[in-house]
Amino acid sequence: MGHAAGADRVINVIKALQRYQPDDSDYPESSSSLSQSITEHTNTETTSTTQLHRKGIEYCTLYAFSTENWARSPEEINTIFKLMERIAIQYRSHESVQSGKIQIDLLGNLEDERIPPSAKRELQRLQSESRDACDKRGEKFGNSANILTICLAINYGARADILQAAQKLAQAIASGELTPNDVAVMGESEISKRLCTAHIPDPDLIIRTSGETRLSNFLLWDAAYAELYFTDLLWPDFDEEALEEALVWYGKRKRRFGGRNE
């Protein structure tokens, strides 16, 4: 019951986020879009965003299944992946996906053999079809396409992602592609570009539900300057009003990124 309610909340939150998208008429086709991000935990949970309403929210990451969740019972794991499969099949035919308004992006290690093949297949099909629809919408509307990217973090763990990025960097040095001096000059970007999140912006706001005050191995590298919002609401109860409260709270924050307000 709890997981089913949580899965329904995912769909409802995506609908709510779409209301922060500007209408197609809000921007001329030649205008440039700002990069916004929002990030959310879905089991016991987290969210992220930048400038709202007319400027829109462009990215939302949902923490669907962590690398640590394999410690749960086989029955619960099976239930979670069956729900993911069901939602993937149903959502593929949703108007927002078919029209290219929402792009689904999968984060994490989906090559893990423990992931049920049918769930993996349907999730990847949803990702592929949503990308195709978004490409067509982008060709039609250009920078004013107003696409909301929903990232599903499945079998994801920030430490594992940082480790695999470090391993790739070490291999690049060992092969002669890079030298240690190259890395010293280019800095942390050499790690960032090798993360599975390299193609999306760092989160601006992370919302953690359920009264927990920890990140639970979620976007640890990426969240260095994210604003952290905590609520006692359980994820299935995190409705549009709760989302609005979080966004209003974020809007009052003064972001200095290590500097000082002038």
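User: Is Asp 112 buried or exposed?
Analyst: In this predicted model, Asp 112 has a relative accessible area of 16%, and because that value is under the 20% cut-off, Asp 112 counts as buried.

User: And what does the Asp 112 side chain meet in a salt bridge?
Analyst: The partner is Arg 114, and the N to O distance between the two side chains is 2.7 Å. Arg 114 itself is partly exposed, with a relative accessible area of 49%, whereas Asp 112 is buried.

User: Which ring does the charged end of Arg 114 sit over?
Analyst: The charged end of Arg 114 is placed over the ring of Trp 70, at 4.2 Å from the ring centre.

User: How many salt bridges does the count come to?
Analyst: The count comes to 14 salt bridges. One of them joins Arg 214 and Glu 212, whose closest N and O atoms are 2.8 Å apart; Arg 214 is partly exposed at 45% relative accessibility, and Glu 212 is partly exposed at 26%.

User: Which residues do shared partners join into one network?
Analyst: That network is made up of Arg 92, Arg 121, Glu 122, Arg 125 and Glu 129, joined by salt bridges that share partners. Between Glu 122 and Arg 121 the closest N and O atoms are 3.8 Å apart, with Glu 122 buried at a relative accessible area of 9% and Arg 121 partly exposed at 48%.

User: Switching to aromatics, how many pairs are there in the whole structure?
Analyst: A search of the whole structure gives seven aromatic pairs. In one of them, the rings of Tyr 63 and Tyr 156 have centres 5.9 Å apart and planes at 75 degrees, so this pair is edge-to-face.

User: Where do Tyr 63 and Tyr 156 lie?
Analyst: Tyr 63 belongs to strand E2 (residues 59-66) and Tyr 156 to strand E4 (residues 148-156), so their pairing ties together parts of the chain that are 93 residues apart in sequence. Both tyrosines are buried, and together with Phe 218 they form one aromatic cluster.

User: What about Phe 65 and Phe 81, how are those rings arranged?
Analyst: The ring centres of Phe 65 and Phe 81 are 4.9 Å apart and the planes are at 50 degrees, so the pair is tilted. Phe 65 sits in strand E2 and Phe 81 in helix H2 (residues 74-91), and the pair links distant parts of the chain, 16 residues apart. Phe 65 is buried with a relative accessible area of 0%, and Phe 81 is likewise counted as buried, at 1%.

User: OK, the largest nonpolar core: which residues touch the most other members?
Analyst: Those are Phe 81, Ile 150 and Ile 154, in a core of 45 residues. Several helices and strands each supply at least two residues of this core, including helix H1 (2-18), strand E3 (102-107) and helix H4 (117-141), while H2 gives the most, with eight residues.

User: And what is Ile 150 in contact with, leaving aside its neighbours within four places in sequence?
Analyst: Ile 150 is then in contact with Ile 14, Leu 17, Cys 60, Leu 62, Ile 102, Gln 103, Ile 104 and Asp 105.

User: How many residues are in the other core, the one that lies apart?
Analyst: That core has nine residues, among them Tyr 63, Tyr 156, Leu 219 and Ala 223. Tyr 63 and Tyr 156 are also the two residues of the edge-to-face pair discussed above.

Technical notes: Residues are numbered from 1 along each chain as its sequence is written. This is a predicted model: local features need pLDDT of at least 70, side-chain atom pairs count only at pLDDT 80 or more; totals for chains, interfaces and linings use all residues. Side-chain values use heavy atoms; hydrogens and water are left out. Rings of Phe, Tyr and Trp (its six-membered ring) pair if their centres lie within 6.5 Å; planes under 30 degrees apart count as stacked, over 60 as edge-to-face and the rest as tilted. Helices (H or I, at least four residues) and strands (E, at least two) are DSSP runs, numbered from the N terminus. Buried means under 20% relative accessible area, exposed over 50%, partly exposed in between (1.4 Å probe, protein chains only). A charge sits over a ring if NZ of Lys or CZ of Arg is within 6 Å of the ring centre and within 35 degrees of the ring normal. A salt bridge is a side-chain nitrogen of Lys or Arg within 4 Å of a carboxyl oxygen of Asp or Glu. A nonpolar core is a set of buried Ala, Val, Leu, Ile, Met, Phe, Trp, Tyr and Cys residues joined through side-chain atoms within 4.5 Å. Contact means heavy atoms within 4.5 Å.
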